[in-house]
Amino acid sequence: MKHNFGAGPCILPNEVFQEASQAVIDFNNTGLSILEISHRSKEFEQVIQEAEALLRELLDVPSDYSVLFLQGGASQQFAMIPMNLLPEGGKAAYLDTGVWATKAAKEASKIGQVEIVASSSDKNYTYIPKDFSVPSDATYFHYTSNNTIYGTEVFEKPQVNLPTVVDMSSDILSRVINVADYDIIYAGAQKNMGPAGVTLVIVKNAILGRTGRTLPTIFDYQAHAKAGSLFNTPPVFSIYVSMLNLRWLKEKGGISVIEQENIIKARTLYDEIERNPFFRGTANEEDRSRMNVTFVMDTPEQEAAFLKLAQERGMVGIKGHRSVGGFRASIYNALGISSINALVDVMKEFEELSNK
């Protein structure tokens, strides 16, 4: 049996894979594949409408927010956000907590002025900065809620008196949030929502249309909202599989239920890291991610030996990001506790073998 700890594209529930694979052959007994149906058809209209309804229900999205299914990944949003929010000569405040936060700020700086209000780069992004102030003349504040490479996560929205934008690509749908606390939430689907190819944007309508900029229509949130995410051909299959996954999440009992499962999974793995003398965590304890557990060993030789053993035992994708090394276990929603227990067993086995 394989245990997929890969950082993304994500593991999805087996029943979602089963239904999606059938739809590739014959979608809802139409005689057509989901890959070939028209995005203007009533069949796909029902899919995208259900996907939006499920998201609104699961996240309790207020009625004055638009839910958009776009393309281009979070990286495209790095540019679309300042395009849609920053007036000419405007300034935005960014919190730097890792590679993706840095890239978001870099893209925004091409549109307007960016001020980095705090950074954890001094300790290789192993913590979340807490005490910082934001300039009162900034148009918005941006942060990344979960940092996949470094294993840190922001669990409480920073208290700032500015419109707030958050990149939740790797922890969306994993824990309860208050959507009304944010003006824009965006997320690439490929961690907890669905396959790569679709990007979720939840945007407060009142924040749009204030910049005075004339935007290319494809980069204008208002155009996508007006068209119901059908301004151009959407990623039909990715939206369909996301809908199936949202159904699965609802049937499980919703986000409050999956959050408790995620807490148990993360605690189980972190407890073993703390107990086992051969491993040590890299992130500050109070900032440890529930989605991406990062840890190292004392020597490259030990790490190579453990990686070999883990792979022999069916562990997939646990090698750490090339910029930090060590190991990273990504434990997204669909990864069961049995896989966590299997990884813990391998860690214990390595300890026993090493002590002989």
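Predicted model: local features only at pLDDT ≥ 70, side-chain atom pairs only at ≥ 80, totals over all residues.
Because 5 of the 5 residues of β12 are buried, the strand is largely enclosed by the rest of the structure. Strand β11 (residues 280-281) runs antiparallel to β12 and is joined to it by 2 bridges, and Gly 281 has Phe 295 as its bridge partner in β12. The pairing of β12 with β14 is likewise antiparallel and extends over 4 bridges, with Asn 292 standing opposite Ser 330 in β14.

Helix α9 comprises 18 residues (337-354), which at 1.5 Å a residue should span 26 Å, and this agrees with the 26 Å between its end C-alpha atoms. Among the buried residues of α9 are Ile 340, Leu 343, Val 346, Met 347 and Phe 350, and the elements that cover the buried residues of this helix include α7 (255-275), β12 (292-296) and α8 (300-312).

The count of salt bridges comes to 22. One of these joins the side chains of Arg 313 and Glu 349, at 2.6 Å from N to O. Since Arg 313 lies in the loop between α8 and β13 and Glu 349 in helix α9, the pair ties together parts that are 36 residues apart in sequence. Arg 313 is partly exposed, at 38% relative accessibility, as is Glu 349, at 22%, and both belong to a network of salt bridges that also links Lys 308 and Glu 312. Within helix α2 (residues 42-59), Glu 52 and Arg 56 lie 4 residues apart, about one turn of the helix, and their side chains meet in a salt bridge of 2.9 Å, N to O.

Terms used:
Residues numbered from 1 in each chain as written. Heavy atoms only, no water. Expected span 1.5 Å × (residues − 1). Buried < 20%, exposed > 50% of the residue type's maximum accessible area, 1.4 Å probe, protein only. Contact = heavy atoms within 4.5 Å. Pairing = 2+ DSSP bridges. Salt bridge = Lys/Arg side-chain N within 4 Å of Asp/Glu carboxyl O.
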